[in-house]
Each structure stands twice: as C-alpha cells, then as structure tokens.
Amino acid sequence: MAFLSVNQSSTIYKALFPVLVIVLSIFATEASKNGTFPALIAFGDSILDTGNNNNLLTVSKCNFPPYGKDFIGGRPTGRFCDGKILTDLIAEGLGITDTVPAYLDPNLRSTDLPTGVCFASGGSGLDPLTCSMQSVISMSEQLNHFKEYLGKLKRVVGEEKANNIISNSLFLFSSGNNDLAISYFITRSRAVQYGVPSYTSQLVGLTSSFIKELYGLGVRKVAVFGTLPLGCLPATRTLLGGLLRECAENLNQAAELFNSKLSAELKNLSSSLPQAKIVYVDVYNPLLAIIKNQGSGVRDRGCCGTGIVEAGPLCNMLTPFTCRNPSQFVFWDSAHPSERTYRILASPILQNLKNNFS
C-alpha cells in the first residue's frame, strides 16, 4: 500500500479546500431555500457561551474539570455546564450542526464559519459596568467580533453567499441576567443610581439598540431570550434568600419586569424593521416550573460544589464535591442549569422557533 508524503497530502488538501468551501456554501444556500437556517450565531452571556472566555484574564471561565464531564469526550470546553448548552441544543435540533464553536477558539477553522459561531461571553451584560467588573467581552466587543467574522465569511464563500447566509440564519441573544443579578442586586453598584423600573428600561433600550445594529449588518431573524428566574438560582438563594435560602422574590420581580418590557419592545422592533422577524423566548417561566416541580430532583443546589460554593457562581478545580449524576439536579453549578435541564427547556424553544420562523 502506497502512502502520500506530508507535502503531497498538503498539496491535495490545498487543492480540495476551495471545493469543500463551495460545497458548504451551496448547502447553506439550499438550506435557506428549504425554509431551514444555514447557520446559528449567538451573542450574550454564559447561557449561550461555548468557550469565548477561555483565554481571558477573568474569573468567569470554566475550561477545567469538572465542567464538561458529560460533554463529548468528557472534556471541559468553556461551556458553563456539565455538557451541551442551549446554543448547541438549538443548533442540533434545527439540523444545523451538533455543536457551535466559540469564535475565539484558537482551533476554529474556516470551514466552521458557514454554519455559524458563538460570540457570547460568560459574565457579560448589556451594562458596560457588568462587563468591566468581571473583565469579560462586552456587547460592543461582541459586535466588533461579528463584523470581523463577516469579513472572514465573505472571503471564504464570497460576498453574495455570505449575505445570503446572514439574512437567513438564526441569531440568538441572551443578556440581562448578570446586569440584574450582579450589578443591581448583589454588588448594588447600580442600585444606588437607579430604581428597578428605570434600570430595566435602560437594559431593554440597550437590547433594542444592539438588535438594530445587527439589522444594519443584514441580520433578519433574531430570537431574544428573557432572563432566568434569577432569584431562584442557588447562588442568589444563598446571598439574598435569608436563612432558609428561599427564592429572592425581589430579584424575580425585577426579572419579570425586564422580561415584560423586553417582550413588548421586540414586538415593536419586529413590526418596524422591514423583513425582520424578532421573537421573544421565554425561559423564565419554563425554568421556574421545573424548579417548583418536586419531581425535578435537587432544585436549590448545584451538582458541582454542592454545599460548598453555593454563594459563588462557579465550581473550581479544587471543588471536592461534585454529584455523581448531574441529571438528578436542576442546576449544574450555583448559577447554571445542567444539560438535562437545558434539554427540557430546548424542546419548547425549538417548537417556538419553528412556528415563528417557518
């Protein structure tokens, strides 16, 4: 049996690469014609982040065990979970790709670009203060990364096909969680300046401005996530829920107010921006229903770091206590759902997306 030399293999790869790119771009175009999405692209916070914080100088990162114990190969990837997160599950459920790579992944390939990437950053928020406190990627920086991605995509598939991909792809957006939970209620940094109604209105306004920026870049299909029931996260139960670690209702009420304002603004945007379809995705009520359901397993503590780091959002490499079966826990760590919970949430979300974007 004859084997190719390294130089021969490299030459063949270089020759075939343009063909592969053409095939991918044709597939993307045909997918959009068939009513599906050629790509999925995500912005926001840790609910959608697939690993953009890995090389940042920040405490808001999780590219170490026990994170990723239930991910492909049992490896930590920078996802704030034991396994896949909503970004992956939605892309998988829509038949786009099994996992969505982080844009800042040093191993990102040109062939990954046509099916989408993730720009989200764990700990990020709409309020610039939220991002600076945790040294994570702000929404303006994420937008700059997207512009950079657009240039790369056009070089890979050509300008016409790139524009087609962008206008037909699904864009996910999740933000506001850290602004309300951290900047307003835990550190109180914004509470000394604003009342809850004023601050939530500012956050909604920042969301609206961001979506308009995306629209100006050719984006037409956006799914915007409301916040989680923030007062019922294990960390906020510990910090704000009193001796009995009950749900912090004042934080939940702020989240509900933000979500209601956000939903109304998205309807306005969807009707005012020509050819745009902008959909509100409710994760607050479905997750709260899981938390209130006694059959859901452990609901007030995370699997990772149970009983040790409930006041902090993340596990760490020194955490001695990680449950054996994360599927018995609603939360993986003190701030993020387990993969099992995400899968439960993903099912109605996928149906919602299919109904609204069909």
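**Exercise 1. Identify which residues of α4 meet which residues of α5, and classify the contact.**

Solution. In this predicted model, Phe146, Tyr149, Leu150, Leu153, Lys154 and Val157 of α4 meet Glu159, Lys161, Ala162, Asn163, Ile165 and Ile166 of α5. Sorted by class, this contact of α4 with α5 comprises eight nonpolar, one polar and three charged residues.

**Exercise 2. Determine how α4 and α5 are oriented towards each other.**

Solution. Begin with the extent of the helices: α4 covers residues 139-157, and α5 covers residues 159-168. Next, take the geometry of the pair: the helices pack at an angle of about 130°, and their axes are 7 Å apart. That angle makes α4 oblique to α5, since angles over 145 degrees would count as roughly antiparallel and those from 65 to 115 as roughly perpendicular. Finally, assign the hand: the crossing of α4 past α5 is right-handed.

**Exercise 3. State how many disulfides the structure holds, and describe the link of Cys232 and Cys247.**

Solution. The structure holds two disulfides. In the one formed by Cys232 and Cys247, the sulfur atoms are 2.1 Å apart. About the S-S bond the value is 120°, and the link of Cys232 and Cys247 is right-handed. As for accessibility, Cys232 has a relative value of 1% and so counts as buried, the cut-off being under 20%.

**Exercise 4. Describe the disulfide that joins Cys303 to Cys323.**

Solution. The S to S distance between Cys303 and Cys323 is 2.0 Å. Because the torsion about their S-S bond is about -100°, the disulfide of Cys303 and Cys323 is left-handed. Both Cys303 and Cys323 lie in the loop between β5 (298-302) and β6 (329-331), so this pair ties together parts that are 20 residues apart in sequence. Cys303 counts as buried at 0% relative accessibility. Cys323 is buried as well, with a relative accessible area of 14%, because the cut-off for buried is under 20%.

**Exercise 5. Decide whether Cys62 and Cys118 are buried or exposed.**

Solution. Consider each cysteine in turn. Cys62 has 0% relative accessibility and therefore counts as buried. Cys118 has a relative accessible area of 0% and is likewise buried.

Technical notes. Residues numbered from 1 in each chain as written. Predicted model: local features only at pLDDT ≥ 70, side-chain atom pairs only at ≥ 80, totals over all residues. Heavy atoms only, no water. Axes fitted to C-alpha atoms, helices over the stretch in contact; angles between N-to-C directions. Helix = DSSP H or I, 4+ residues; strand = E, 2+ residues; numbered from the N terminus. Parallel < 35°, antiparallel > 145°, perpendicular 65-115°, else oblique. Left-handed = near helix turned anticlockwise from the far one by under 90°. Contact = heavy atoms within 4.5 Å. Nonpolar A, V, L, I, M, F, W, Y, C, P; charged D, E, K, R; others polar. Disulfide = S-S within 2.5 Å. Buried < 20%, exposed > 50% of the residue type's maximum accessible area, 1.4 Å probe, protein only.
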